[in-house]
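This report describes one protein chain, moving from its overall form to selected residues.

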Amino acid sequence: MKLLLLTHCFYPSQKRGGPTVSMTNMAKLAAEFMDVSVATIGYDSDGTPYQGIHEGKNSLFGCDVYYLQNNKMADFAQIIQEIAPDVMYVSSLFSWQYCVPALRIAKKKKIRTILAPRGELMPSALRIKHTRKALYLNSLKCMGLFRNIEIHATSNDEYNEVKKFFPHAKICNVQNLPTFSPLVSQYVEKSSGQLEIAFVGRIHPIKNLDVALNVLKNLRGNVVLHVYGPREDPEYYRRCKEIADSLPSHIQVRFEGNAPHDDIPQILSRCHILLSPTQSENFGQAIVETLMQHRPVVISANTPWRELEANRAGYDIALDRTEAFAEAVNAFVDMNDAEFREWCDGAGAYISERLKLAELAAQYRQLLAGDKP
């Protein structure tokens, strides 16, 4: 059975965020039981060409990966025609360059198609350029391009939002695939009154770095925030830098720049906690990788990862409770080494229980190949 993945987020992108990790991991897994091809963009989000990748067909992870330089609809349409897949998986509803030709060809040739909105239908995401997105969705609906497609949701929250837009579609709720990296550091010592915090994500309003920086204003002790991620929105970065520069002397903010995905586990293992008051995540690769490094997280309630405090794995807090974010982070500031170790153990146990790797792999096999678990 032939599977074609259409995505703008794929290896070796370093600046397109968590979806790159999710799609690359999916291709690796699918290649174990299907003939997998991938059509993607041959350059990163800032236009930088990928090193070590040539235009057109490449062989990676047991897959045929087609890197396109022009990002034209005709290029994607041609690849779909040449490969003649049994199943198409379209990642991102609003990436019209390949979503539109894929849905058109799928309708004409009756190809089984799975569409993954990747959080794009969540309320916080739809608020951005809302009018343009509404017109786009209505156009595709009027053309009948959503008929008979399947939808891949990756959390209960996303499932509920997708159901509002596609009430009659088959919706499969299967969480994203994380990178299963071993612990690169057994432990980082913790003294009461000091804290090393990581923020990992695009510097973009939806990630709420400004909220995280404002939380720091109410912290005690000696705190360092390490910010890793591409400066996707220059004006927003400027605003965040102004907040960082205004913080008291016992709070340090270090803008570390973008980091390769392969380095993220080691980066996270060097910090005590992750701070991520994100507006919305349908999965949150950085959150999962932090927990997998046995590090607690302080995150917004707008992610699939809930009941953290009860499991001593961190805190999930509603965004309108800004004072609660400061209280949670201050709790970690005050912890001594023995207390912090308990929360590290809780983080590891929490994510191990919820990932259930063998079950997840079986769910993907059923989603993509239609095999029964």
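## Basis of the model

The model is predicted, and local features need pLDDT of at least 70, side-chain atom pairs count only at pLDDT 80 or more, and totals for chains, interfaces and linings use all residues. Residues are numbered from 1 along each chain as its sequence is written, and side-chain values use heavy atoms, with hydrogens and water left out.

## Overall form

The protein chain contains 13 helices and 14 strands; helices (H or I, at least four residues) and strands (E, at least two) are DSSP runs, numbered from the N terminus. Its radius of gyration is 21 Å, which agrees with the value near 21 Å for a compact globule of 373 residues. That radius is taken over C-alpha atoms, and the globule rule is 2.2 Å times the number of residues to the power 0.38. Along the principal axes, the C-alpha atoms fill a box of roughly 65 × 45 × 40 Å.

Of the 373 residues, 55% count as buried. Buried means under 20% relative accessible area, exposed over 50%, and partly exposed in between (1.4 Å probe, protein chains only). Among contacts with a separation of 6 or more, 73% come from residues 24 or more positions apart; a contact means heavy atoms within 4.5 Å.

## Helix α1

Helix α1 covers residues 18–30 and reaches 18 Å from its first C-alpha to its last, close to the 18 Å expected at 1.5 Å a residue. The expected span is 1.5 Å times one less than the number of residues. Ten of the 13 residues of α1 are buried, including T20, V21, M23 and L29.

## V87 in strand β5

V87 lies in strand β5 (residues 87–91) and is buried, with a relative accessible area of 2%. Leaving aside neighbours within four places in sequence, V87 is in contact with residues including M1, L3, M34, I111 and L368. I114 is also in contact with V87; the two are 27 residues apart in sequence and 7.6 Å apart in space, C-alpha to C-alpha.

## Backbone features

A cis peptide bond, with omega about 5°, joins Y11 and P12. P12 is found in the loop between β1 (2–6) and α1.

N148, a residue other than glycine, has a positive phi near 65°. N148 sits in the loop between α5 (130–142) and β7 (150–153) and is exposed, with a relative accessible area of 78%. N208 has a positive phi of about 60° although it is not a glycine. N208 occupies the loop between β9 (194–200) and α7 (209–216) and is buried, with a relative accessible area of 8%.
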